[in-house]
Amino acid sequence: MTKVLYKNAKVYTLNSSEPIADSFIVDETDGTFAWVGNASEAENFSNVYDLGGATVLPGFVDAHTHLEVTAISRYINVDCRYPTVKSIVEIQRKIKERVASLPPGEWVVAQGVNFQDSLLEENRFPTKEDLDAISTVHPIVYRPSFHMAILNSKALELANITRDTPDPPGGIIERDIQGEPNGVTRDVEHYLLGIPEPSREEQQRAYMHCIQNDFLARGVTSLFEISHTKNSLRNLAAINSPLRIGVYVHVPGTADFEEALNGLPDYLNGNNPFFAGVKVFIDGGTTALAAAYNEPYAIDPSTSGKVAIDIDELFGYLKSCDNAEIPLVIHAVGDRAQDIVIEAMERLTATGKRQFHVKHRIEHGGNVLCTPERQRKFKEVGLIPVPNPSFIMVFGDALGKYLGERRTQYAYPFKSMIENGLEPASGGDCAGAEMRSANPWFNIWCTINRKTQSGKVLHPEEAIDLMDALRMHTIWSAKACGVEDKVGSIETGKFADFILLEEDIFFVPVEELKDILPLETWIGGKLIKGKKEQRHADYSH
């Protein structure tokens, strides 16, 4: 048995019973912390690793992300993101370059950014006709966000989207005045588009780049993926990533409910990635006008969004998952969707058979219209909110435009949530459009200074301190994902997942927090990313 004493550090453990230490011991046989404390209390060790006065934190836990979509968007799709691309003409030029290298019939997907319509010179999104001007023999898709895609005529044809195609549950196919699809789709990608997946080699290469450059390099040691396709899960398992990856299986996008409840053993049959639970959508995204609100959108009073599954269906899912001791994570953005989730949880609790150790969650709970009453009900029914701090910057300026100023009052009320006894987890929710969302330091910065793109401070009274921001990204996220006994803090018996920082972050100016890069990232007592990363075993293919 090999044990190594790591000493000479400022260790913020995120363990409330022993918040600060200067040393710890790692048992290299199982990659766990064998002891945490002060060097003066440690036994004499022949194996000693001097940390050189570095600051140590637990590795970050991203409770909700889209690794597959992010990897493909960033490393395979055509990059049409602002500010690199500032006009529709430039979007057309970049897509033409890709089209020129492909035979007719090959799909081309271009990645934009949220609210790119307001950022482009033309002050609008590209249209079906703009994409048709590039090619009518290549199916072309432009995605400004996870919830919206614009298709050219060939893509509509191959996706079999016609005037007779009904809107899928929770999704919208926009149509012109003659009733023909105009190319704009909102929250339909899981149901209709049928975009072919990249090759096995392309996808695995994109995964590796994304994991190394966008997660490990920032100090993320565990993440929880919202699944996309079964094949992608097989490819993810094949790369043997050092990053700990739990998977919430999306119903019905990845599998039907019964198959998901069984844990997809043909695809998630190892320790990494592992089955974490089931994911369902009550509504869609606000930017797609598909999030379900109690009142109409300010930007389009003709709609208040759509509910994808009703309360009876959700209650059935909850009851089955609870009986099987499997967490159900529920996408609910709008206040109408949030209320449906609360009522379904109240029904479950009223059965008298609720298993409170099962971590059911409300994804995006705590983003908008999270009133004190809803916060109280989250706490009462044991519903864990997983908000998205980076949305303060990304979406903050647009809230009033979409919802009206009155309904921005309870946006991202993190301080109130904590004061009301909740432990909100942080979900980066990165899907490739806004890469800063994958960075925990950017999310931490957003919880503290609450600045929007324009520099406005959104509800400054809801700012939290650095320690609570760290908890949101470590131990509280671990609790939300049901792995608090394994990760999320530096304490005896947990995996030795930690990061080294050059400075004590409690003395770093707030404006600089978003730019922090760890010196090293360690997982299971092994150096994975940093100046000595050659000690990490290579990926297998």
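## Report on a predicted model

Thr303 touches Leu289, Pro296 and Tyr297, leaving aside residues up to four places away in sequence; contact means heavy atoms within 4.5 Å. This is a predicted model, in which local features need pLDDT of at least 70 and side-chain atom pairs count only at pLDDT 80 or more, while totals for chains, interfaces and linings use all residues. Residues are numbered from 1 along each chain as its sequence is written, and side-chain values use heavy atoms, with hydrogens and water left out.

Thr303 sits in the loop between β15 (274–281) and α9 (311–323). Helices (H or I, at least four residues) and strands (E, at least two) are DSSP runs, numbered from the N terminus. Is Thr303 buried or exposed? Thr303 has a relative accessible area of 18% and is buried; buried means under 20% relative accessible area, exposed over 50%, and partly exposed in between (1.4 Å probe, protein chains only).

A nonpolar core is a set of buried Ala, Val, Leu, Ile, Met, Phe, Trp, Tyr and Cys residues joined through side-chain atoms within 4.5 Å. The largest one has 106 residues, and among those that touch the most other members are Leu314, Leu328 and Val341. Helix α10 (residues 335–350) supplies the largest share of this core, seven residues. A second, separate core has 19 residues, including Phe24 and Leu51.

An open sheet of six strands runs in the order β7-β8-β9-β10-β12-β11, with mixed pairing. Two strands pair if DSSP finds at least two bridges between them. β7 (78–79) and β11 (172–175) each have a single partner strand, so one side of each lacks a neighbour in the sheet. β8 pairs with β9 (residues 140–145) in the parallel sense over four bridges, and Val109 has Val141 in β9 as its bridge partner.

The second largest pocket holds about 760 Å³ of space. On a 1 Å grid over the protein atoms alone, a pocket is an open set of points where a 1.4 Å probe fits, with protein on both sides within 12 Å along at least five of seven lines; lining residues have an atom within 4 Å of a point. Of its 31 lining residues, Ile72 and Glu197 are among the closest to the centre. α1 gives the most to this lining, five residues. The table gives the lining by class.

| Class in the lining | Number of residues |
|---|---|
| Nonpolar | 13 residues |
| Polar | ten residues |

Conventions. Points joined across faces, edges and corners; volume = space filled by probe spheres on them. Nonpolar A, V, L, I, M, F, W, Y, C, P; charged D, E, K, R; others polar.
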